[in-house]
Amino acid sequence: MAGASMKDIKLRIKSVESTMQITKAMELVASSKLRRAKERQERAHPYFSELRNTMDRIEMSTTDFFSPYQIRRTIERQCMIVIAGDRGLAGGYNSNVFRYYEALMQRNAVKTCIIPIGKRSYEYFQRRGAEIITDEFIEAAGISVADCFELARLITKGYLAGEFDRVGVVYTRFVSLLTQTTDSVDLLPLMEFKKKQSEPKEKKIEPLVLYEPSAAAVYDAIVPHYISGMIYGAMCESVASELAARRTAMDAANKNASAMIDDLSLRYNRARQGAITQEITEIVAGAEH
Amino acid sequence: MSTFHLTVSTPDGQLFDGEVQSLRLRMLDGDLGILPNHENYVAGVGAGEAVIVTEAGEKRRAACIGGLLSMIDNHANLLSTTFEWAENIDIERARRAKERAEQRISEAKEDKELMLAKAKLERALVRIKVKA
């Protein structure tokens, strides 16, 4: 073995082993957290989908309906919520988000202000000197429904005051354990139900509903809840994606580590054998004389 | 006794799904009672006590704060930001929250702080009232 003594190799094996212990632990933690993140998302789902249904029902059943959230203004300034992780060591998870964001910005360059979620996201935009609206929601893992409500109130207020004309969110969609794709959705202005369904297959007659105090008031009261649901959903997906990405990355790290250990043990055994052979040769050579 | 179907959902999951005889809860502008075959109705929910009489005639009380109630074709759907059954309310925690909120209100300098503290106080008071 050229250069490496038995002791050196032994030391390297030890160091790789301890790294492997860490990556293994991280993988296990990520898997169990991932399960919880998915459950959290599933629990919240019926609540927010029913909100959307109610909004759709209002849009469908009332003709003289008008909401400031639906008006399309010329976009002079937009607000982007960018969700990334709190930590690294998750493969390309964070960099994918930022790469996606940059590509998105190149396609439509307008003045943009940022609401970062996730420490990595905050650091990234701070370093680039972007305009950051609030840094209250930095920790992605700890964000609760209540935080999302707060955030939704903030953006709906800003939107109504004309501070920005479009609100979007960049997040990572959880496709499967092995696949996560970066994606973006528009939160405001709201998509119109009538336009969304270009060709209604069956014309359903909506029941007459009494809205109190009025359809528009109920609608506008739901909007912040709906927005917060959208944000919460995106959050949950992103957190799950981060954990899945980390799990995959750690799994790969584990495999690499065991391959390295195999390689190093082989080298160690060769070095040992070489040393023994040399010793025997020396003894034999000594006896001949 | 005729009944209607009620589901209660919060962001933390579905808390009730079944037939009930009646539902009473605090809306934005006062209490509202819902009985079977109520007219189709959608309105915002305020902060207060909710009382549900189940099919078996059992009365269940809960703290219900914020959200939306819809009653469509004899199916009531309560979407609440916070919905806690009386038996699940942690009274000690609510009392502590109340004290903290009161303290914050007296110390608040900004409008935003005051608003937040007031909202917290309201939630704590609703919980204490329902539990009592």
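Two strands pair if DSSP finds at least two bridges between them. Helices (H or I, at least four residues) and strands (E, at least two) are DSSP runs, numbered from the N terminus. Welcome to a predicted model, in which local features need pLDDT of at least 70 and side-chain atom pairs count only at pLDDT 80 or more, while totals for chains, interfaces and linings use all residues. Residues are numbered from 1 along each chain as its sequence is written, and chains are lettered from A and ligands numbered from 1 in the order in which they are written.

**View 1. Strand β6(B) and its partners β1(B) and β5(B).** β1(B) and β6(B) run parallel and are joined by five bridges; look for Thr7(B), which stands opposite Asn77(B). With β5(B), β6(B) runs antiparallel over ten bridges, and here Ala62(B) faces Trp85(B). The hairpin of β5(B) and β6(B) has two residues between the strands, and Asp73(B) takes a positive phi near 50 degrees in it.

**View 2. The two domains of chain B.** An automatic or database domain assignment sets the bounds, giving domain 1 (4-87) and domain 2 (90-131) in chain B. Their C-alpha centres lie 24 Å apart. Ten residues of domain 1 are in contact with seven residues of domain 2, where contact means that the C-beta atoms, placed from the backbone, lie within 7 Å. On the domain 1 side, β4, β5 and β6 of chain B each supply at least two residues, and β5(B) gives the most, with four. That side divides into five nonpolar, two polar and three charged residues. (Ala, Val, Leu, Ile, Met, Phe, Trp, Tyr, Cys and Pro count as nonpolar, Asp, Glu, Lys and Arg as charged, and the others, Gly among them, as polar.)

**View 3. Where chain B meets chain A.** Here 18 residues of chain B are in contact with 18 residues of chain A. Among the elements of chain B that give two or more residues to its side are β1 (4-10) and β2 (13-27), but β4(B) gives the most, with four residues. By class, the chain B side has seven nonpolar, eight polar and three charged residues. Strand β6 (residues 210-212) of chain A runs parallel to β4(B), and three bridges join them. Find Leu210(A), and you will see Tyr41(B) opposite.

View 4. Five strands of chain A line up in the order β3-β2-β1-β4-β5, with mixed pairing. The edge strands are β3 (131-132) and β5 (180-188), each pairing on one side only. β4 (residues 166-174) and β5 of chain A pair in the antiparallel sense over eight bridges, and Phe174(A) has Gln180(A) as its bridge partner. α6(A) packs on this sheet, touching β1, β2, β4 and β5 of chain A, and its direction makes about 35 degrees with that of β4(A).

**View 5. Helix α4 crossing helix α6 in chain A.** Helix α4 (residues 145-160) and helix α6 (residues 215-288) of chain A pack at about 125 degrees, with their axes 8 Å apart. Axes are lines fitted to C-alpha atoms, for helices over the stretch in contact, and angles run from 0 to 180 degrees between N-to-C directions. Angles under 35 degrees count as roughly parallel, over 145 as roughly antiparallel, 65 to 115 as roughly perpendicular and the rest as oblique; α4(A) and α6(A) are therefore oblique to each other. The contact includes Phe149(A) of α4(A) and Tyr232(A) of α6(A). Its residues divide into twelve nonpolar, two polar and one charged.

Definitions and conventions. Two residues are in contact if their C-beta atoms, placed from the backbone, lie within 7 Å.
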